[in-house]
Amino acid sequence: VQRTVTVGSRSESVRQANLSVILRGLHLSGAATRSDLVASSGLTRSAVGALVGELTDMGFVYEQRSQSDGSPGRPSPRVRVVTDHVTIAMEVLVDSLAVAVVSLGGHVLDRRRIDLARDEIPVEATVHELGTLTIELLQALPDTLVIHGVGVAIAGVVRRSEQSVIVAPNIGWRDVPLGELIQCALPIDVPVVIANDGDLGALAEVRRGVATGMSDVVYISGEVGVGAGVITDGRPLGGAEGFAGEVGHIPVNPGGLPCRCGSTGCWETEVGEQALLRRVGRPPGGGRAVVDEILAAAAIGDPDVLAAMDAHGRWLGFGLAGIINTFDPDVVVMGGLFARLHPFVSEALESELDRRVFDVVRQQVGVLPSGLGLDGPLLGAAEWAWERVLSDPAAAGRPRSWAI
Ligand SMILES: [Zn+2]
């Protein structure tokens, strides 16, 4: 939710807030005429003109007169972001690492993802690999790019104030100062910010995905673990220690299986990838290739696989009903593996919701597959890195030295 500040006050904070509103709008919604910006910001035409002029001087935007559309009169110039400004997004998952270079405006200029064996990944090797991938990507891109920061999504619980990982049970990490380590591994002197992959998946959905503009959103993503992010009233739910929103570890089955968090019968043990393999009679482990086979069998109507999907969908609905009754979201977004399962589990899932969710809430809540694919949390990591620039463009606009 953006709040504009009326001009009139000469204070620096008003100017900062207004520059932020204009640049954020162009970053999230794309090119706009000055009239569009007046309408969307609520600022006066002369204020918008001055702010666009300042952002142009800082090098963040330019104005381009579009081609005539044939109607009489000259078309209005459109204000656009300069896509030489970039952030670097990174993702650390149980079975893959990814790095992307993302421009102002949210375009992915290039990305790499490498698969890893599903095992505990040593911290040093991970950081080294992330550094190498980043340098390879940057060397293949024009050297005019201005890098503003690095955002990292990790499948673990994060202490944002210290840019460190408290615990990542599925990767086997505990108390890792990841931000500092990544900063040391890069030949660029820019801030590194870290957040939980579920939280960043949710951020990507409200900024660029199926939950765009919504203020109450639950994002769940199933891989080896179940990641989640909860946004209430426009803010990510953090909790006192950063563990809030870890809905994969809601206990749902008193007689259930051990979970990697140390408890038993967590929702993750009933709806994670291992549970799906168990239901279709596959040995544990497996990996993405086996999941692809199961999805292919479901697509051609294999009755055993469809029955397993039904059971899986009921457990998904059972847990989601509790989450929906607790948070009353506008939408639940299913990311990662859950987005791929959605067509096969939605009927059983929805019927559990019909049975268990408060009527009034049930009527308005939607459960939608993410449209961002596997890269959702990566896009969220880029957005997280952009936040410093978007909230204070004047402070971030000074050029930063970097060399590869
Ligand atoms: Zn657990």
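Contact here means heavy atoms within 4.5 Å. Keep that in mind for the helices on this tour. The model is predicted.

**Stop 1: the sheet.** Select strands S6, S5, S4, S7 and S11, in that order across the open, five-stranded sheet. The pairing is mixed. Strands of a sheet pair through backbone hydrogen bonds, either parallel or antiparallel.

Now go to the edges. S6 covers 108–115 and S11 covers 192–196. Each has a single partner strand, so one side of each has no neighbour in the sheet. From one strand to the next, the twist averages 15°.

**Stop 2: a parallel pair.** Select residues 85–92, strand S4, and residues 146–154, strand S7. The two run parallel and are joined by seven bridges. Pick glutamate 91 and look across to S7: its bridge partner there is alanine 153.

**Stop 3: helices on the sheet.** Select residues 123–139. This is helix H4, which lies across S4, S5, S6 and S7.

Stop 4: Select residues 337–356, helix H11. How far apart are its end C-alpha atoms? They span only 24 Å, whereas a straight helix of 20 residues would span 28 Å. Where does H11 bend? Centre on valine 345: the bend there is about 75°. Val345 is also buried. Other buried residues in H11 include Phe338, Leu341, His342, Leu349 and Glu352.

Definitions and conventions
Residues are numbered from 1 along each chain as its sequence is written. This is a predicted model: local features need pLDDT of at least 70, side-chain atom pairs count only at pLDDT 80 or more; totals for chains, interfaces and linings use all residues. Side-chain values use heavy atoms; hydrogens and water are left out. Helices (H or I, at least four residues) and strands (E, at least two) are DSSP runs, numbered from the N terminus. The expected span of a helix is 1.5 Å times one less than its number of residues. The bend at a residue is the angle between axes fitted to the seven residues ending there and the seven starting there. Buried means under 20% relative accessible area, exposed over 50%, partly exposed in between (1.4 Å probe, protein chains only). Two strands pair if DSSP finds at least two bridges between them. Axes are lines fitted to C-alpha atoms, for helices over the stretch in contact, and angles run from 0 to 180 degrees between N-to-C directions.
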